[in-house]
Structures are given as structure tokens and as C-alpha cells.
Amino acid sequence: MSTRLNLTLAFLVACLSVLAGCSNGNSNNNSAVTTPIPPPAPQLMAGAASRSILPTVNGGRDYLNDAPGWATPGVIDPDDPGTFIAAWDQGEVDVGNGRSDSAWVHDDLQTTVLALELEEQRVLLVMADAYSFFSSDIAVMVERIRARLPANWQEAPVLVSATHNHHGPDTAFSINSDWFSLMVDEMAFAAEDAVAALQPAQMTTATGNHAYGASDQRDPVIENTRLNVLAVNSSEDDSPIATLVQWTSHPESTLGWEPPAEAAGLTEACEVKGWTGGNCTAEGRYLTADYPGVLRDRLASSRGGRVLYLNGPVGNQIGPGSAPTWRVDAEHPVGDGVTVPAGAQPLSSCDRSDPYLCRSFAKTESIGTELANAVTALLQSPQPVDVSQLTVHVEPFFTRLTNIGFRLLIAEGDIGWQPTNLYNCHSKPFNEENCTSTGQELEDDPFITPVLGSQIARGDVLRTQLAHLDLGDVGILWMPGELPPELVYGLPDDFNTAPPEKYYTEPHLHAVGADYKLPGYLMSLVDESVTLTVGLGGDQIGYYTPVDEYRMSCLDLVLPGGARCSDLAARGVIEDPTWIGGRTCKTITDDPAALTALGDDADAVAAICRYGQGLGRELGEPQNHYEETNAAGWDMIDDIWAAAMRMFQRDG
């Protein structure tokens, strides 16, 4: 090869390594400017898929062709509970928060999965139109999902939540195992489909407020109207892949409502089912996805793609019960979502004094439609999301199971689909080092066993978790159970100084102002511009109530040695003849010396604390203190706060 050719090749190679222009071999190398070419940004990949989770008839769901659904806005029979189902393939399927033996289907119930991939990082988001899921049941969901995924997805985190639908098949207490297994299989199929549908994607986000159809129904009344939206679109043609909507309200817009007998075809239905007397009713026996189903249908029609509804901190009874709804039109708009416009027409009629509070499927449709309209309006001006990572941080934590009713349900196998593992812990703070699994071991209880003939779970501590997906400047936080909004977003600035009536309707029944103590609020720990906060995420451990707000029933029948609640209260040992405060119980539980200091009253006070929370559910809780009877324990707020501090690496 000639010398001239060698020099020419060397020159060409040099030119490829710089961005400055090259003229010939005599160019001044000292003037050349070299600029490294940055590597291309990682490409986000996304895929989404949905599957029905309804029970089947003759192996399928053709009956949906006859179900009313939500397809045509404003054209529904508000009283029609749906198509009648004489029998399911899976046998009797009870309705969560309803009655036994579901027999009507109004609209579809679905599970939706969003698969995300960024280079070697992968994650699956799974939601379902269901009441809630316990962590032991989610573990089986994850196992079956992974069994249908490629090898490179086996380690991908799977983050599961439920919409908290109150009119789906029961997933908490009276579970049809065959149906539950079918639902889990549908989740796995949807996950497989979502991964198969991966395509280059981009994200945008939008945030706002929306109050229509939701209200805070327990003191303190602190309205949370936040609406967070995350849109996932194809980066090739901008077509929608999925829309994540996070708002806060119990899906129970028809809870307690009885469809008229004629609309339900009740006479014939009761003959087929053998229902008689007061049991001949359609109340609580129809399946519907409630307003999240309407939201899904409306967004699917207007925008396209799949919809994942992520319910927020719904504790403190955030829901539609006390929220007025009306026929929304140009003359009677949503407005602030709370004030009924003059001249607005009620959606339906009922025997309530306020017709705007009437329940029917017209209320459901209105709430879902206006939520979809709010989402659509926000997406008119979205902000781009630079997805720089898909980092999932899971922070386990332990909390004491002070509700002995839960220990009884676990022992009887009446809670969840799979057995629940509990723990005994020998010191605080509870952690992996000082907590020992008791599995499903049982023990006798000095009151429950002789009276009810039942044992209870030996473990008195449960293990749950927080999970956070970090996308960069946007994240999603999965929180187990039903948190009050103030634990997530904080109390108003004037909460401690305002007149009680500003935030309380019945202040004499609650801890007021500075006595309503929280250790902080979760969003103060998060360093991102937008966070979707998901309640009932990863587990269901019940309602979070500040320990100083706790009131648990004092019941004479559980007290030893002839002690009486009225005498204990008269002597100032407990706070009231009918209840004991959470702080009292926490103190004697955490500090044996405090219990010993009660002298002859120690056994009586310990008995009230042991049984008041669980038996109050069956025998009557203190007025306006239902949530405590449906909570795992009085330490939940402190324990989730400590877990969040660890997760976000904040000092105590």
C-alpha cells in the first residue's frame, strides 16, 4: 500500500473522531475542536392490556352483551341493576360490602396492567375493580404473573392495587376461591398481553382539583380534591397507550340502595333463587365497577388506550354519600363541585329530604362522567415527563395487630384468600431482627375461646410495606390500607387555632385541634413535582386513625373480677363509661410499668384494651368511631411514618 494512501486513511479516521471541519492533511490540528457525541437517551417502552374479572357462565361472559353498561352517556335506566344471572360456573359469589349470592351484572369489572421498561429496568402496575387485596394474596398474584412472563421480566417488581369497589365479588371475607383464582389468572393473562404490547412510549402529566361527587364524612372534615393524571402515549404516533388517574373517593355510589322490584324483575328472580321474605331483594346483589367503570368507558371513547384508576387516601370515609350530584349541563355546570347551581335538576328521586343525595346508577354515571371530563380538560395542557429511571423502593414495616377481631378472623380462615402469616416481636422498634414468624399458629384466648369456642392467631404483629416507583421528577406511592388525606397531604395551617366548628361537625366526639396529633405528612418527605398516591396499595390493613383519636368500647362482659366500666370511669381510670382512649391502651401495652402502676385495676384495663377494638365491631363501637373497629391497630400511623422516613432517607 502506498504511503499516500496510508496518510489518506489516517486522515479520514481522524476526521471521524472530531466534529470540526477537515480540509486536508495540512490542516492546523491545534484549532480542531473535539466534542464527544452523547449517547442516545434510553427509550421508554410501555404496553397495557385489560381482562374481565367477572365470574363466568358456561365458560364465558357473553351475558355482558345484555348488560346495561355505560356505553351511551346519559342514556341509562338509573334503576336497572343489570342482566340477571341464575348461577355462576364458580358457584355462589358474594358481593363485597353487599349480600350473599350475586345475581345481576350491570357493567364489566376489569383488571388492567401497565408494563414499563427502560433499558434493564422493568415494572408492572396491576389494578383491578375489586374491594381490596391482602399481601398474602398478592404474593400468589405475583407468582402467577411471573409464570407467564419472559425470562428478563422475572425480577420485575409487580405493584398491585384495587379500586376499592364496594360492588364486586368479595375479596376480603366471604371469598369464592374458584372465582378468586380465575381473577388471578386473568391478571396474569393481562400482564402477559401488556408485555407483548411493549412499544416506544413517552409520558406527560397534569394535576388539578376536582370535588364533584366526593365528600369527607368523618371529623375532622378536611377536603382532598387532588386529581393527578399520568398519560402514556406512543412516541411514534402519539396514540394513547394508557391513562393513569389518581383521585380519592370510595366507589360506593349505590351502596345501600335497593333497585325497584319492577326494574330488577324481582318476582321471577326470587323464584329462581329461592329467596323469600326480606331476603327477596336486589340490594347488594348486583356487580358494577361503580364510577371507575364509567371513567374507563368515557376515556376509552374520547382518548383511547387503557385506563388505570388508582384510588387515593380514602380513609375518614371519603366518598359520595354526602356529596350532592345533579344533572350537569351548560346552565348548571359542575362549578366548584360542591354547590348545587340554582335550578339544577336532581338525577333521580328518593325518600331522602335532599334529592341531590339520592342514590341510583344515575349518580354513578354522573360522578364517573364528570371525573372523565376533568381528566380530559387537564390533558389539554400536560407537562412532559422525563422518564430517567424506573426505580422501585419497597420498605417493609411491622405493626402491632391490636384488633383481636382480626386475629379471630385469621384463625377461622375468614379473611383473605391465602393464609396470613403473623409475627411475635420482643422489642421496639419492630424489625426483621426482633420479630419471629408464627405462621398460622393458634392459641386459646381467656374470653373468646370459652365463650365462642374459637381460638385466635398466636401472632400479634403483621408485616406490610410501602412501595414507591421513581420515574425521575414524577413518582407513584403505594400505601397499604386506607389513610386519611391529612396523613398524606398535611393538616391546614390554621387547624390547631381555628374554631372547632370549622373542621368538626361533632367536636365533642373527637380529638380536636392540637389533640389530633400526627407525626407529619408523607408528601413532606417526597422530593418530586408530582406524586400519585395510591391507597390500598400492596395490602389492606384497614383505617389509619391517630392514637389520640382512638376510642374503643368498654364492655362489662369482658372485665374480670366483677369490675365495671362505670366505676372505672368514675374513678378516672378510663376516659368514659363506654370507651377507653387509644393513648391509654398504647401506654400500658408499650410500658409494662405503666400497667403495673394501675394496681388492682390493671387486669380490667388490659382486658378493655384487648377486646374493645374487635368486639366493638360486633357489639357497638363508640359513636362516630367505626374506623377503629376496622383497623389493624393503633400504631399504624407511627409505623408507616417511620417506614416512609426510612424509604425517603430522612432523619428522625
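Select Pro-429 in the loop between β16 and β17 (435-439). Helices here are DSSP runs of H or I with at least four residues, strands are E runs of at least two, and both are numbered from the N terminus. The bond from Lys-428 to Pro-429 is a cis peptide, with omega about 0 degrees. This is a predicted model: local features need pLDDT of at least 70, side-chain atom pairs count only at pLDDT 80 or more, and totals for chains, interfaces and linings use all residues. Residues are numbered from 1 along each chain as its sequence is written, and side-chain values use heavy atoms, with hydrogens and water left out.

Next, go to Pro-220, in the loop between β8 (215-216) and β9 (226-234). Asp-219 and Pro-220 are joined by a cis peptide bond, omega about -5 degrees.

Now pick two aspartates. Asp-101 sits in the loop between β2 (83-84) and β3 (104-105). Its phi is positive, about 65 degrees, although it is not a glycine. Asp-290 lies between β11 (286-287) and α6 (291-302), in the loop, and has a positive phi of about 60 degrees. Most residues other than glycine have a negative phi. Asp-290 has 0% relative accessibility, so it counts as buried (under 20% relative accessible area; exposed is over 50%, partly exposed in between; 1.4 Å probe, protein chains only).

Move to α8 (404-412). Seven of its nine residues are buried, so α8 is largely enclosed by the rest of the structure. Among them are Phe-406, Arg-407 and Leu-408. The buried residues of α8 pack against elements including β16, α15 and α16 (626-629); contact means heavy atoms within 4.5 Å. At the start of α8, a side-chain oxygen of Asn-403 comes within 3.0 Å of the backbone nitrogen of Gly-405. Gly-413 follows α8 and has a positive phi, near 70 degrees.

Then show the largest nonpolar core, 63 residues (buried Ala, Val, Leu, Ile, Met, Phe, Trp, Tyr and Cys joined through side-chain atoms within 4.5 Å). Those with the most contacts inside it are Leu-466, Leu-522, Tyr-544, Leu-559 and Ile-574. Its largest share, eight residues, comes from α17. Select Leu-559: leaving out residues up to four places away in sequence, it touches Cys-554, Arg-564, Cys-565, Leu-568, Ala-604, Ala-607 and Ile-608.

Last, select α2 (135-147), β6 (158-162), α8, β16 and β20 (461-470): each supplies at least two residues of the lining of the largest pocket.

Notes. A polar contact is a pair of N or O atoms within 3.5 Å; within protein, one must be able to donate a hydrogen and the other to accept it, and residues adjacent in sequence count only if both atoms are side-chain atoms.
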